[in-house]
Amino acid sequence: MQAGHPKREAARARADARGALIAAALMAAITIGAFGLLAATSHAETESLRLRLDDASPTKLFGASGGVYRRWTLDDVAPRERQSITWNGKRDGHQVPNGEYFFRVRDDGGRKADRAHSKGDRRFGVFDHRFPVRGRHTYGDGVGAGRGHMGQDVFARCGTKLRAARGGRVQWVDNQRGGAGHYLVIDGRGTRLDYVYMHLKGRAPLREGERVKTGERIGRVGRSGNATGCHLHFELWSAPGWFDGGHHLRSVTRKLRKWDSWS
Ligand SMILES: [Zn+2]
């Protein structure tokens with residue numbers, strides 16, 4: 001921007017976005033910060049976007065998410081002052097559908113403050129689940145295959161990153177030699193389901209009781225325990241939980257394929 005010629009209509013904006021995935025309660029935050037608009041990280045439970053206007057001094061900013069889903073109006077916006085907007089991922093009290101969303105920011109005159117001086121991507125994803133295997137994969141045995149198989153196997157190279165299909169609280173992190181190997185059980189937030197991951201490559205980098213966000217890294221695909229080939233053995237259990245009065249869901253395969261379709 002040229003010194004001495006502050007373009008009034010060109011609210012030089014800079015944004016900075018960070019995201020984390022959520023599941024049930026999506027939080028989206030826009031903070032108005034400096035230089036171009038930066039993109040929100042995708043698929044996060046909490047999205048944060050920072051933006052600050054360097055020059056001009058619109059007294060109002062209009063932000064929108066998903067174009068039509070939510071609008072905010074900020075009054076008395078001063079240059080170089082950070083603003084923030086928070087979104088709970090709902091519209092009219094209902095969770096918005098899974099998909100990609102984006103933020104739009106306009107100044108007082110209706111100009112697109114984020115169009116003229118933006119860099120990066122302001123889009124982010126809103127998803128209630130993510131597919132856990134982050135790489136090429138194929139489906140193996142499902143529920144009922146062989147003797148008492150209670151989950152779905154997903155084959156991928158050993159070392160392929162795993163992320164939480166659903167956030168929640170880590171219930172168990174343990175190693176069962178000759179069985180599940182390194183495994184992890186997450187009490188899925190707002191779902192009343194337990195999410196079980198087995199045969200990890202080494203211990204999951206999490207502690208029991210810890211909170212995990214949907215999409216957060218939870219370890220790597222391995223072949224620990226009684227596993228033939230590198231794969232994730234994944235189970236879903238109904239309340240009250242995994243080997244705690246609940247039962248495994250046969251719908252696990254269908255759900256995985258659904259999440260796979262948008263992840
Ligand atoms: Zn299996």
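**Notebook: an antiparallel sheet and its hairpins**

I started at the hairpin of β14 and β15, where 4 residues lie between the strands and G178 takes a positive phi near 80°. A reminder to myself before going on: this is a predicted model.

Strand β14 (residues 168-176) is joined to β15 by 8 bridges, and the two run antiparallel. For one pair I noted N175, which stands opposite H182 in β15.

Is β15 enclosed or open to the outside? I checked its residues, and 8 of the 8 are buried, so β15 is largely enclosed by the rest of the structure.

I then followed the chain out of β15 (181-188) towards β16 (194-200) and found G190 in the loop between them. This is again a hairpin, with 5 residues between the strands, and G190 takes a positive phi near 70°. The pairing of β15 and β16 is antiparallel, over 5 bridges. Here I picked out I186, which has Y195 of β16 opposite.

How exposed is G190? I found 13 other C-beta atoms within 10 Å of G190; a residue counts as exposed at 12 or fewer and as buried at 20 or more, so G190 is partly exposed.

I traced 7 strands in an open sheet, with antiparallel pairing, in the order β11-β12-β19-β16-β15-β14-β17. Which strands stand at the edges? They are β11 (138-139) and β17 (211-212); each has a single partner strand, so one side of each is left without a neighbour in the sheet.

Further along the sheet I checked β12 (residues 152-155) against β19 (residues 231-237), and 4 bridges join these antiparallel strands. V154 has L232 as its bridge partner in β19. Helix α2 (residues 252-262) packs on the sheet here, touching β12 and β19, and its direction makes about 115° with that of β19.

My last entries are on the chain as a whole. I have 2 helices and 19 strands on my list. Of the 263 residues, 45% count as buried. What share of the contacts with a separation of 6 or more comes from residues 24 or more positions apart? The figure I wrote down is 62%.

How values were computed: Residues numbered from 1 in each chain as written. Predicted model: local features only at pLDDT ≥ 70, side-chain atom pairs only at ≥ 80, totals over all residues. Pairing = 2+ DSSP bridges. Contact = placed C-beta atoms within 7 Å. Axes fitted to C-alpha atoms, helices over the stretch in contact; angles between N-to-C directions.
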